[in-house]
Amino acid sequence: MAAAGTIYVLNGPNLNLLGTREPETYGHATLADVEKLCADTARQFGLTADCRQSNREGELIDFIHEAHAKKAVGIIINAGGYSHTSIALHDALVAVKIPAVEVHVSNIHARESFRHHSFTAKAAFASLCGFGIDGYRLAIIGLATRIGAKIDAKIDAKPKT
């Protein structure tokens, strides 16, 4: 059981444009909103979210290798368009043997056919799509459950309204 630890939240190409890029598809939330949501959700389980974004495939692979070197307890990855093309990201996730969850803001299966296949999904124990940025929260909850982290009773787990 993981009492504490770090999860890497990795966002790929164009996710730095959340909030302005195709809001009809990706919504109005920004990457900063995603990072705050991840930090708040991880904290509920006594975890720390180390959020990274890169438009470069090699840098995302370096982040995965770093997660392994620093003994991260999990990875949440939204590889964006690289999900559908990158065998190298798939191989990096498989190589490090860290529990991973793939996230997509939009429902990739309701979009263009080239988005229906994901290499990164095959390297993850779960994949979420179509929940908007709330998919990140759900991914962290699922990952925390998988690694045995429990909600910290001292932290109010209910979102503020």
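Visitor: What pattern does the protein chain follow along the sequence?

Guide: This is a predicted model, in which local features need pLDDT of at least 70, side-chain atom pairs count only at pLDDT 80 or more, and totals for chains, interfaces and linings use all residues. Residues are numbered from 1 along each chain as its sequence is written, and side-chain values use heavy atoms, with hydrogens and water left out. Helices are DSSP runs of H or I with at least four residues, strands are runs of E with at least two, and both are numbered from the N terminus. Here the pattern reads β-α-α-β-α-β-α-β-β-α. That gives five helices and five strands.

Visitor: In what order do the strands form the sheet?

Guide: Strands of a sheet pair through backbone hydrogen bonds, either parallel or antiparallel. Two strands count as paired if DSSP finds at least two bridges between them. In this structure the order is β2-β1-β3-β4-β5, an open sheet with parallel pairing. β2 and β5 (126-129) stand at the edges with a single partner strand each, so one side of each has no neighbour in the sheet.

Visitor: How many bridges join β4 and β5?

Guide: Four bridges, in the parallel sense. Val103 has its bridge partner in β5, namely Leu128. Helix α5 (residues 134-147) packs on the sheet and touches β1, β2, β3, β4 and β5. A contact means heavy atoms within 4.5 Å. The direction of α5 makes about 155° with that of β3. Such axes are lines fitted to C-alpha atoms, for helices over the stretch in contact, and angles run from 0 to 180 degrees between N-to-C directions.

Visitor: Which residues of α2 are buried?

Guide: An α-helix has 3.6 residues a turn, so residues three or four places apart point the same way. Buried means under 20% relative accessible area, exposed means over 50%, and partly exposed lies in between (1.4 Å probe, protein chains only). In α2 the buried residues are Leu31, Val34, Cys38, Thr41, Ala42 and Gln44. They cover an arc of only 145° around the axis, which puts them on the same side of α2. The arc is taken from the directions from the helix axis to the C-beta atoms. These buried residues pack against β1, β2 and α5. Exposed Ala32 and Lys36 sit on the face turned away from the buried side.

Visitor: Where does UniProt place the feature "active site"?

Guide: The unreviewed UniProt entry places it at Tyr26 and His104. They span 79 residues in sequence, yet no two of their C-alpha atoms are more than 9.4 Å apart, so they gather at one spot. UniProt positions follow the numbering used here, feature names are shortened, and annotations may be inferred rather than shown by experiment.

Visitor: Is His104 buried or exposed?

Guide: His104 is buried, at 5% relative accessibility. It lies in strand β4 (residues 100-104). Residues touched by His104 include Asn78, His84 and Cys129, not counting residues up to four places away in sequence. Tyr26, found in helix α1 (residues 23-26), is buried with a relative accessible area of 10%.
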